[in-house]
Amino acid sequence: MILSDKTIETMLQEGTLGIEPLEKEQIQPASVDIRLGDTFGIVEDTSSGILTLDGQIAYKTIRTERYLLLPGQFVLATTMEYFRLPEDVTAFVEGRSSLGRMGLFIQNAGWVDPGFEGEITLELFNANRCAIELRAGRRVGQLVFARMDQPARNPYRGKYQGQRGATGSRVFLDRELAEGK
């Protein structure tokens, strides 16, 4: 079941759902607007020109209020908000249609597991032929919350728990790579 604005507000007041900082206007009828933070990460080139799943990837981190996303460029960004989800609530990350119509693709796994805590890293791609100016504090998407039928047996405690800033891939920590699969 998708959570309504009333339920979101109640959970925030009770402290069972955490979103900070949060302005009342961000709460929509069935979602919460997310804003762009001020941290961006760019994959650094490798000498081979190849990124592998079993090696740590280097990122250049930039902290700025304005970022110019060039045509065809990919960058990691972060939400301004820090989230704390209870063990019986999950969330979907959705980009804003108004920005998609400019050619800004706001990608991510699209899913926030129950029990997750941290800022959400967004993957931004400019599909336009013009550069797009990004500004910290601007609405870039929304989080749609859904209540599960019962609390998760194994709530999220993974490699991105507690993340802050534009957090790069930690795929090299995946269990199947460590086991040699």
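This is a predicted model: local features need pLDDT of at least 70, side-chain atom pairs count only at pLDDT 80 or more; totals for chains, interfaces and linings use all residues.
Who is the partner of R35? The R35 side chain meets E81 in a salt bridge, 2.6 Å from N to O. R35 sits in strand β3, residues 31-43, and E81 in strand β6, residues 74-84, so this pair ties together parts 46 residues apart in sequence. E81 is buried too, with a relative accessible area of 0%. E23 joins in as well: together with R35 and E81 it makes up a network of salt bridges.

How many salt bridges are there? The count comes to 11. Another one pairs E9 with K24, where the closest N and O atoms are 3.3 Å apart. Here E9 belongs to helix α1 (residues 5-14) and K24 to the loop between β1 and β2, so parts 15 residues apart in sequence are tied together. E9 is partly exposed at 26% relative accessibility, while K24 is exposed at 59%. Then there is R135 with E133, at 3.1 Å from N to O; R135 is partly exposed at 34%, and E133 is partly exposed at 41%.

Now let's step back to the whole protein. We have three helices and 12 strands. The radius of gyration is 17 Å, close to the 16 Å that the globule rule gives for 181 residues, so the protein is as compact as a globular protein of that length. Buried residues make up 39% of the 181. And of the contacts between residues at least 6 apart in sequence, 76% join residues at least 24 apart.

Finally, charge: the mean positions of the 21 positive and 25 negative charges lie 3 Å apart. Thanks, everyone!

How values were computed
Residues are numbered from 1 along each chain as its sequence is written. Side-chain values use heavy atoms; hydrogens and water are left out. Helices (H or I, at least four residues) and strands (E, at least two) are DSSP runs, numbered from the N terminus. The radius of gyration is taken over C-alpha atoms; the globule rule is 2.2 Å times the number of residues to the power 0.38. Buried means under 20% relative accessible area, exposed over 50%, partly exposed in between (1.4 Å probe, protein chains only). Contact means heavy atoms within 4.5 Å. Lys and Arg count as positive and Asp and Glu as negative; His and the chain ends are not counted. The place of a charge is taken as NZ of Lys, CZ of Arg, CG of Asp or CD of Glu. A salt bridge is a side-chain nitrogen of Lys or Arg within 4 Å of a carboxyl oxygen of Asp or Glu.
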